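Thanks for making the time this morning.

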Amino acid sequence: MLDNLPRGTICIEDLEIGMVRHLRKVVTDRDIEMFAEVSTDHNPVHLDDAYAQDTIFEGRIAHGMLTAGLISAVIGEQLPGHGTVYLGQTLKFMAPVRPGDTVLAEVKVLSIDHHKRRVQLDTRCMVDGKVVLKGEATVLAPSAKFD
């Protein structure tokens, strides 16, 4: 389930500090299996119930980068959106995401360098109001001057 705000592009000329966009997604077993297939990360903590039960997580968890991918979706689809180029991302994983969890991925504009078209973004993912991932992204925003 995805309840994105409208997709498209917000050009750098229209960005404002404090702007926020988000999406909400239920992480499914299928998502985890597909991510394992695409990434080739078949760590059993993600895929094997019996194995994962004996870990510090006491059950299966989603790949951290699957969760981080939801941040990428907000950036690439909403804020700034289509045409945005990722330049960097810091990530700190705070808590696991489990199959069936609803993740709220949120991106907020922290600063804008209009001359260089650089935008600094606060990025976070939450489950039931608890931060499970946080970080910052730097992106090259699209410009109306080049469309």
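**Backbone and core**

Let me start with Thr40, which is exposed, with a relative accessible area of 60%. Please keep in mind throughout that this is a predicted model. Thr40 sits in the loop that runs between α1 (29–39) and α2 (44–47), and, although Thr40 is not a glycine, its phi is positive, at about 65 degrees.

Arg117 also has a positive phi, near 60 degrees, and is likewise a residue other than glycine. Its place is the loop between β4 and β5, and with a relative accessibility of 22% Arg117 counts as partly exposed.

Which residues of the largest nonpolar core touch the most other members? They are Leu15, Val119 and Leu121, out of the 31 residues that make up this core. Two or more residues each come from α4 (64–77), β4 (102–113), β5 (118–127) and β6 (130–140), and among these α4 gives the most, with six residues.

If you centre the view on Leu15 and leave aside residues up to four places away in sequence, you will find that Leu15 touches Ile10, Leu79, Pro80, Ile112, Val119 and Ala141. Pro80 itself lies in the loop between α4 and β2 (85–89).

Technical notes
Residues numbered from 1 in each chain as written. Predicted model: local features only at pLDDT ≥ 70, side-chain atom pairs only at ≥ 80, totals over all residues. Heavy atoms only, no water. Core = buried A, V, L, I, M, F, W, Y, C linked by side-chain atoms within 4.5 Å. Buried < 20%, exposed > 50% of the residue type's maximum accessible area, 1.4 Å probe, protein only. Helix = DSSP H or I, 4+ residues; strand = E, 2+ residues; numbered from the N terminus. Contact = heavy atoms within 4.5 Å.
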